[in-house]
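Hello,

Here is the structure I promised to pass on. My notes on what turned up follow below it.

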Protein chains: 2
Amino acid sequence: MSQKATIHDVAHHARVSVSSVSRALNNYPHVSEALKTRVVEAAEELDYQPAFLAHSLRRGETNSIGFLVGSIANPVISTIYEAAAEALATNGYAVTLVSSRNQADLDSACLRLLASRQVSGLIVSSASESPQPSRRFIQETNIPTVMLDREPVAGERVFAVQSDHASSIRKAVFHLVKKGHRHIGFIGGPRGFYPTQQRYRAYQEALAEARIPLRDELARFAAFTETDAFAEALLLMRNRPLPTALIVAGNIILIGALQALKDRQLAVGRDIALVACDDIHLTQLHRPAVTVIRRDLNLLGKTAARLLLQGIQNNGNRSDRVIKLPTQLVIRESSNFHCRDDSQG
Amino acid sequence: MSQKATIHDVAHHARVSVSSVSRALNNYPHVSEALKTRVVEAAEELDYQPAFLAHSLRRGETNSIGFLVGSIANPVISTIYEAAAEALATNGYAVTLVSSRNQADLDSACLRLLASRQVSGLIVSSASESPQPSRRFIQETNIPTVMLDREPVAGERVFAVQSDHASSIRKAVFHLVKKGHRHIGFIGGPRGFYPTQQRYRAYQEALAEARIPLRDELARFAAFTETDAFAEALLLMRNRPLPTALIVAGNIILIGALQALKDRQLAVGRDIALVACDDIHLTQLHRPAVTVIRRDLNLLGKTAARLLLQGIQNNGNRSDRVIKLPTQLVIRESSNFHCRDDSQG
DNA sequence: ATCGTTTATGAAAACGTTTTCAGCGGATGA
DNA sequence: TCATCCGCTGAAAACGTTTTCATAAACGAT
């Protein structure tokens, strides 16, 4: 009674064989009603819980999935995680979360750990993007994987759910241009980072389309820390003529950028227009409220979970390999004013 | 080669028995140097990784710990998690994270799930506090557990790491009183929530000590959602005379409170003084910057991990059962002005 | 030289399940 | 009536380790 009851105890208590207990409890066919009720009663009486380890060992499936993140302290990531984890939990999966602390070289070790735990699926929002060991690892092992906002590696069972960053960045640029801006800066995450790449390319293309000469020095790329973003933002602001608008690609980057603007005494929404990515509490409560490219993080997480479950069950049956979710531009006070650029006369 | 190599493959390849392989790889005594090198070479050659499930099943230990949170989207929680998880990872533990979505009635089910996965330890930052099923569950099962900022349940192997909320709340009250405030409001989380209890009691005691009559209607308690906090804050602000200062106990609550103040057109730092708990990005970047009770979340997480590992290894050897970490009051512009209360003349 | 002790190794049991295999009784079909 | 099949059940194998047990060789001490 103090120790855990095993299937043998149940079998003994119900005066049947262990195999019958297993069949009865797992709703196998060809088991008589009488035996089933007897077993169920015995199981309840002994408060029997199947031993997870033995079950998984025999079954060859852990019913748990691994989640790799750069940092769970990032509000965007944690929101996605929460949504995905809920969907997975309702399907009987537990998720073990591991963080690479935004160190690209740790990604592969984290994945290896997860794989050694024999997870039945992987959701990856890793730090590294370039064709690195971690990508090769995913390719080699055959674990069903969905990558979050990344270019999926080739593989029979790897999927991706992405956000359509480009179209909203384009809208943002055109919005700023319409407000009279001609010197628009850009700060993003690391160059190799997929979302940054998408946004930066869209930024360039939109500028070209608007026939605004590209000033390379107005684009900077920071690591995923406030301090680095702060430093890069300061560097960006040393250019002349000063940019009159700034597109900030990433919520951690935004923290650093705001600090830098404060530091340089540039008033957001008056001296400089600001467009950020991802609508977090800060962007709504900031005075002035900041224009933002919003996406449904909940949907993102849920979609990832759905895709992964399909990948696990369909066993390779083809469905959409990569799903692209929409984004939208939400214009707020930080950019909703006309540029009065005196440097251009 | 395509399938995973088992210990039998290694044994066969090295021409020894499986038991010898196990002993050699686990650094057991009484194994000859020759055999050891032979085994190690074979293992490397086959890229042998011990099967986690079989290992754990036999060993009776999973080397993984369960982490229960109300919501990982809460920045305070996620920061603590990141710190704890890192410490645990370096000790060879993986952590499976489960969120009760702030529903107290789900706590117990989450714990049951974790226990059924046979985790070797538990870190609990659950939603419920009162003597509920989840607490009883922790008590009954004998899994080493550390509770985060909670009153630990009685039990041989349960520990707690708490924050000294009280002393900083007292400081905050005295600080506000010194600035001339006599109508100080309080918004906290749910009444049964341990940190809320600590803070509220300290608030009451400090007011009494300052010989300020307690106005019950100036204290309100909200669920862990911005919308509820918003509603409660609005209700609070309908009292007359209006409070000239507000202590907000919780970062999610703060979001709602700020929205409410904005809604009522009350300027923080001029019309009303504000003190919040936990120093998040928002409190630093808000204009005006908001006074805050800060604590070292990293230390909190690391301490929890350390305590848990001790609890797992020492096997009941007594050490400090509950550790209380300090907090400090950081005064910023939101409260650093003198109250000009005209309702009192 | 003999005995007891230590070292080194292999065979087999154990962990707690699920699944395969085999057997039994009864029903079905010719 | 007999062969066949089907529903139901139990015995045993299997999953991949670790650990216990047994045994042979080496070794030190009397």
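**The DNA side and the chain contacts**

α2 (18-25) and α4 (52-59) of chain A, together with α2 (18-25), α3 (33-46) and α4 of chain B, each supply at least two residues of the surface near DNA strand C. Helices here are DSSP runs of H or I with at least four residues, and strands are runs of E with at least two, numbered from the N terminus. "Near" puts a C-beta atom, placed from the backbone, within 6 Å of the strand. α4(A) gives the most, with five residues. Of the 26 residues around DNA strand C, A:Ile7, A:Ser19, A:Ala54, B:Ser19 and B:Ser20 come nearest.

Please keep in mind that this is a predicted model, in which local features need pLDDT of at least 70 and side-chain atom pairs count only at pLDDT 80 or more, while totals for chains, interfaces and linings use all residues. Residues are numbered from 1 along each chain as its sequence is written, with chains lettered from A and ligands numbered from 1 in the order in which they are written.

Now for the two chains. In chain B, 35 residues are in contact with 36 residues of chain A (C-beta atoms, placed from the backbone, within 7 Å). α5(B) provides the largest share of chain B's side, seven residues.

Best wishes

How values were computed: Two residues are in contact if their C-beta atoms, placed from the backbone, lie within 7 Å.
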